[in-house]
Every structure is written in structure tokens, then in C-alpha cells.
Amino acid sequence: MTKKRRPAKRPQHRRPEPRRRLHAVPERAEPDPRADELLSGVREALRSDSPIDLLQLVSTMIELTDPRRSGRDAVGGEGHVSREDLVESFIGTPFAETTALLTVMSKMLPATNPLRAPIATELATRRHPLPLWLRDLAAGHVEVTVARMTESAGDGENCVLGARFPSGDAFTAVIFIDHNLGSAVKSAFLLDVSQEELLARVKAGEFGTDEAGYVREWDGAAARATVTAAIERARETFDTIEDLQWPELRPATEWLLSLLPDGGVAEADPEWTQDDLDALAAEFLASDEFTAPDGFTGEEDDGTILDLDLILQFGASANVGGPLRWSPIVAEIFLLDWMPRVVPVGYEEVEEVPTLLADFVRFVHRREGVEEELTGEVLVAIDSMVPAFAAAMRATDPFVDHDDEFEAKAFLLERLADAVGGLTPLGGLGTEPLPDEDFTWDGIPEDVHERVGEYLALLDAVAGEHLDVEHRTAMRRFLARAATADPGIFRRRSLVARGAAAIGWAVCRANETAGTFKQGPTVEETVGWFGVSGNVSQRAEVFLKAIGAPMDFAWPTLPLGSADLLVSARRARIIAERDRLLDTSG
């Protein structure tokens, strides 16, 4: 008997949801161009062969939304997005780009940050494909090693952190600790190269520095504690001079440091007791380097003994490395900053201090085995600072009636120093013409070579047609420094002619070649050489910041903060003005 087949069961169709009334449909928000720009930047970073682009982007986001930021770099006001709002927006936008951002944030935010929990919950639901290195990072598979690079003058040192992922991707973070700023972190940058390769290139002298012989291992726990302390010193120091990538790279640096062993003790400068200082003084006075002046008695009230005590007290209280470390910068800090602030006496009472300091430097450098070349540099610096030292001490002499004319001279002298990079370069300024120099590509990322080349061609053409070889060299140096310090300028969509005009304008203004009432073409004429019109000063600001030029100037000529960007005629005028200001006989 054949069984009857049951008819196939019809599929059940769900009754469609009632259509919502028009007024119940939420209005679609207008597209945010900032969000589109951000996602575009993330996509570009994810397509990169290196992790550093995305890591730097997230580090900047975290730093700019840090509630601890205050003072001149505070974030707030109209359009400001808090860190909480930023994370919430990423969680509410389930794209591959926001998954990548949240993945990095989940590791880079401090372990105690409450935002890590909602980020982790959201990432558990995401299934977007990510680069291998990013998957390794999400799994916590990152190996970090550390080394240190110092230099002979001891003005600072680099902490070199190498990061490697199981995928084979690697990068290096270099953090600079400036000992002349109290051992505070001053700058940091990420390199698309492994730590091993970087250190090998340094040791081979590829970068042309004296750091090759000063690459050393560093205990991970000690490095973590020491650099962390240096970061906090920088954070607590008001108005610290920082570079373009610091403190934006602070979160990335702190994350890498957190992957080193914990429990270390931060390195500290050894403390100098009075007995230590007395012993060092006695050793110096008995040395061949000490030249006793006429009338020297060696008694406690002797002028030379009092001057030596000032040198030793500065070293023990205000100099990382103590009284045994002297570089040109340390000598400048002592003579032109510490002495005028701490020792308010007339110049005549301390006019022998530079001579005694030169003898003392010879002594300690011989004692510590410092290279003769560095000793020579310090001695030249001391000699060049004598006029500025005299002016600085007279300016702070409490027994001198400082009239308006004297204050005006001090102000103008400071402005001249801004033009050439400080009082030390001002004292040793020369008038040799800038050489006919090729453009330097070292340190400029390859991905901006084409754009930088377009700038270079236009600057060279203008210099050849309207200026001279010295101006061409100055503009080439300016361009190279800007491209090395902030290559991002040349990755943005902008008009090459206008950017080149901004550089040309800045060099001509700084050299009083144009835009002054004294001589030369007008600003409009100068900008017109590049085929553009209008004001380019705002455009020039990004380049000026990149090369570290003084940004708060109050005089007609634009200071670049570097003597080697000034042509010989401009330097000759600065020298003449310097000598006139320092001539107190009239």
C-alpha cells in the first residue's frame, strides 16, 4: 500500500512591519567633513606598510583629549570633542576604520582608564579584517626592547624603543631626554625601521653624529622608570620648549614603556656634598690648568675663590652631570641665565668668571677624558659670550639705575639673538657668504620626495632669476629642515606655488631682502615671483614652526632662529648693530 505524500509545507511569510509614519523617521544628520577626513586618514594608514602612521594618529587623538592638558595647549571651546564622546562615536560607527582605531586605543589608553571596558565589549562584536600587526597588537603580542644613545657633551640622550610583532612588522621609537632642561623629555618620533637596523646604521656612522660610540644597552625596568620620570618632569614644567611631535606621541611612548619590565628605579644624578666640592676645588687649584691671577691669596674671601664657588655651586645645584659636565650649552646657561638671575652683582665684581671657567673646563675635561674637540668648542663658546655676559650682568645689577635707553638696548640685543639662534651664536657671528650648496635629502621620507622636489624647483628658479646663490642656499636649507621635521606638511593637499612663496617670503623677510622700508622689493612683488598673490604669512607659520623659528617676535624683521639661514649682508648688519648696542662707552 502506497503511503500518501504529505503536501510540502508552505513557507511562512512574516507579516511586514507597519510602515512608520514620516514624522517618526529620525532625521539624517548632515555628513561631518571632519569625520570623513578622519576615516580617510585611517584608511590610508591601514594601507601603509608600517604600523607607525596609525599609531601616531591614535596617540595624537588620546593626547589632545587628555583632560590633564592645561595652559597654552589646553583643548576646549566650540567644536571640541571629549575623549568619551570620541570613543562613543567610534563605538556607534561599526566600520573597519573605527575597529582599527578602537583596537589601538584599547592598548594605548592607560590600564586604569574606564573607557577600556566599553571598548573591549564593543571589539568583541566586531569582525572586520585587520592587518596582521594589528591582530597581533589586539592579542597583546608585541615585543619591546630598549637601548640608549648618548653623546659626548652629555646634553641629552635618546631612549631607543624597538617594537616587533609576530607578523614580522617592526618599528622604533626614539625619545630624547634633554639634560639641560632638568632631564625632561623634549621630543620623540617613530621610525619605520627595526631597532636592530637603526642601531647598526648609527654605529656605522651613517647619520654623521658622534653617537656611534655611545650606543649602550639599558636595563628595561630602569629605562621604564627613568623615562617615565622624565615624561612627568616635562608635563610639570611650565612652558617647556617641545617639538612638533611631542607631546602628541606621549601616549604612544607611555604604552611602549608599559611593555617593559616594571619595578625599576629611576636613575638620578649623584648628589654633591660640600666636602665633595671642596675636594674638587682643591684639586683644580693645584692643577696645571689653573692660572692664578695677580694678587691671588687662596683665602676664603679671595675673589677667585668666590668665583670658583659660584661655578661649583651652579654645577652641584643646577646642572645634570654636576660640576664635571660642561658643554657650550651648559656654559651659556651658566653665564647668560644662572649668573644674572642668581648673582645680582655688578659685572666688575665677576668679570673674571669667564676666564676662570675656561681654566676649570680644561681641568675637568682632561680629568674626565673628554675629547679635545669638545673642549675646544666649549672654550670658543665661553670666549664669544663675554660681551653678552657683561651686558646681562649689568642689566641685573641692583645698584645701577637702569634708564629707558638701557632697557631698549637690552630688548634690541635679545631680538638680534632671536634672529641667529641665541646669544652664543650672536657673539660668534661671522660674515662668510653662504656656500653654493646642494639640497640635502637625508631624513626626508621618500613618499614626499616628489612634492618637495616641486617646491625645490620653484624656489631654485626664483632664486636664479631674482636673487642669488646665497638666497638659494638659504631657501634650500629652510625647505630641507621643514620637510625633515614635519613631512606631513607636504602630504596635505595644498598649492605648491603658495607654499614655496611662503618659504621664499620668510627667507627674504628674515634677510631684509624684501618687505622692509630700507631696501628691496615689496612683499607683493616677492610673492608675485612665484605666480601667486595675496598674504602668505599665515601659510608661512607652519613652515616656521617646523624649523623651530621664534614665533612671538615684535620687530619688523622676521627671525628664523638660525644664523646659517642668513646671507652675509644680513649677518654683517646684525654684527654692526650688536657692537653698537654693546658699546657702553658712549
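**Cavity and cores**

Tutor: The largest cavity has a volume of about 50 Å³. A cavity here is a set of points on a 1 Å grid over the protein atoms alone where a 1.4 Å probe fits but cannot get out; points are joined across faces, edges and corners, and the volume is the space filled by probe spheres set on them. This is a predicted model, where local features need pLDDT of at least 70, side-chain atom pairs count only at pLDDT 80 or more, and totals for chains, interfaces and linings use all residues. Residues are numbered from 1 along each chain as its sequence is written, and side-chain values use heavy atoms, without hydrogens and water.

Student: Which element gives the most to the lining of that cavity?

Tutor: α18, with three residues. Lining residues have an atom within 4 Å of a point, and they include Leu423, Leu426, Gly427 and Arg578.

Student: OK, new topic: which residues touch the most other members of the largest nonpolar core?

Tutor: Phe478, Leu479, Phe490 and Phe543, out of 58 residues. Such a core is a set of buried Ala, Val, Leu, Ile, Met, Phe, Trp, Tyr and Cys residues joined through side-chain atoms within 4.5 Å, buried being under 20% relative accessible area with a 1.4 Å probe, protein chains only. α21 gives the most to this core, eleven residues; helices are DSSP runs of H or I, at least four residues, numbered from the N terminus.

Student: And what is Phe478 in contact with, leaving aside neighbours within four places in sequence?

Tutor: Among them are Ile503, Phe543 and Leu565, contact being heavy atoms within 4.5 Å.

Definitions and conventions: 1 Å grid on protein atoms, 1.4 Å probe; cavity = no way out; pocket = protein on both sides within 12 Å on 5 of 7 lines; lining within 4 Å. Helix = DSSP H or I, 4+ residues; strand = E, 2+ residues; numbered from the N terminus. Buried < 20%, exposed > 50% of the residue type's maximum accessible area, 1.4 Å probe, protein only.
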